[in-house]
Structures are given as structure tokens and as C-alpha cells.
Amino acid sequence: MTKAFDKIAAGLADAIAFAQGDTTKGRVAAGPDVKAIRAKTKLSQAKFAERLRVPVATVRDWEQHRRSPDAPARTLLGMVNADPKAALALIEKGVG
């Protein structure tokens with residue numbers, strides 16, 4: 001077999017082992033803790049969603065881990081996490 005095939009086969013074997021409960025064979029990249037980030041802002045879900053310009057259902061889904069924020073949302077949430085007051089002020093300023 002080829003070297004590339006061997007790597008793919010090994011990756012598939014690891015994925016199958018992980019799916020069967022062997023957590024040593026894979027890793028899951030956790031998304032941001034949206035509830036903790038929102039808590040830093042001291043805003044309700046509705047107000048937080050309004051300030052981020054997203055539907056409140058989206059914030060609810062993120063917090064309940066039904067959906068994960070996409071890359072731009074993760075970036076925005078990271079900014080809010082780092083400096084809530086400044087990030088929310090910049091978002092507000094950017095809305096014309």
C-alpha cells in the first residue's frame with residue numbers, strides 16, 4: 001500500500017475507535033463557552049443576541065450546545081470574551 005493510504009487507514013481506525021468510546025484515539029475541539037461569555041456581559045440572552053445582531057434562538061442553541069458558532073461568530077465571541085465592554089461598543093459603533 002501507499003504511505004498516504006496507510007495514513008488514511010490509520011485515521012479511519014482512530015475515528016472508529018473514538019466513535020466506539022476510546023477517547024485516547026481522538027480529540028474534540030471545544031467551542032467557546034457562550035454562556036460564560038454572556039455572563040461576563042451581564043446581559044440576558046435576548047439583550048446579548050440583540051447586541052451581537054443575531055437571533056436569540058441562535059444564542060440559545062449555542063448555550064445549549066445544539067449548534068456551534070461558526071468561525072466568524074467564534075472570533076466575535078472571542079473578542080467579547082477578551083473585553084466585553086470594548087467589543088460591544090465597537091459592534092454598536094459599526095452599526096450605521
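Which residue forms a salt bridge with Arg-38, and how far apart are the closest N and O atoms? I looked it up: the partner is Glu-63, and those atoms are 2.5 Å apart. I counted a salt bridge as a side-chain nitrogen of Lys or Arg within 4 Å of a carboxyl oxygen of Asp or Glu. Arg-38 lies in helix 2 and Glu-63 in helix 4, so the pair ties together parts that are 25 residues apart in sequence.

**Ground rules.** This is a predicted model; local features need pLDDT of at least 70, side-chain atom pairs count only at pLDDT 80 or more, and totals for chains, interfaces and linings use all residues. Residues are numbered from 1 along each chain as its sequence is written, and side-chain values use heavy atoms, with hydrogens and water left out.

**Confidence.** I checked pLDDT, the predictor's confidence in each residue, from 0 to 100. The chain mean is 91, and 95% of residues reach 70 or more. Helices here are DSSP runs (H or I, at least four residues), numbered from the N terminus.

**Burial of the pair.** I took buried as under 20% relative accessible area, exposed as over 50%, and partly exposed as in between (1.4 Å probe, protein chains only). Arg-38 is buried at 14%. Glu-63 is buried too, at 11%.

**Other salt bridges.** My search of the whole structure gave three. Glu-92 pairs with Arg-53, closest N and O atoms 3.4 Å apart. Glu-92 sits in helix 6 and Arg-53 in the loop between helix 3 and helix 4, so this pair links parts 39 residues apart in sequence. Glu-92 is partly exposed at 41%, and Arg-53 is partly exposed at 40%. Asp-61 pairs with Arg-66 at 2.7 Å between the closest N and O atoms. Asp-61 is buried, at 18%.

**Helix 4.** I listed its buried residues: Thr-58, Val-59, Asp-61, Trp-62 and Glu-63. They pack against helix 2, helix 3 and helix 5, with contact meaning heavy atoms within 4.5 Å. Ala-57, also in helix 4, is partly exposed at 36%. After the helix comes His-65, with a positive phi near 60 degrees.

**Core.** The largest nonpolar core has 14 residues; Trp-62 is among those that touch the most other members. I defined such a core as buried Ala, Val, Leu, Ile, Met, Phe, Trp, Tyr and Cys residues joined through side-chain atoms within 4.5 Å.

Note on methods:
Helices (H or I, at least four residues) and strands (E, at least two) are DSSP runs, numbered from the N terminus.
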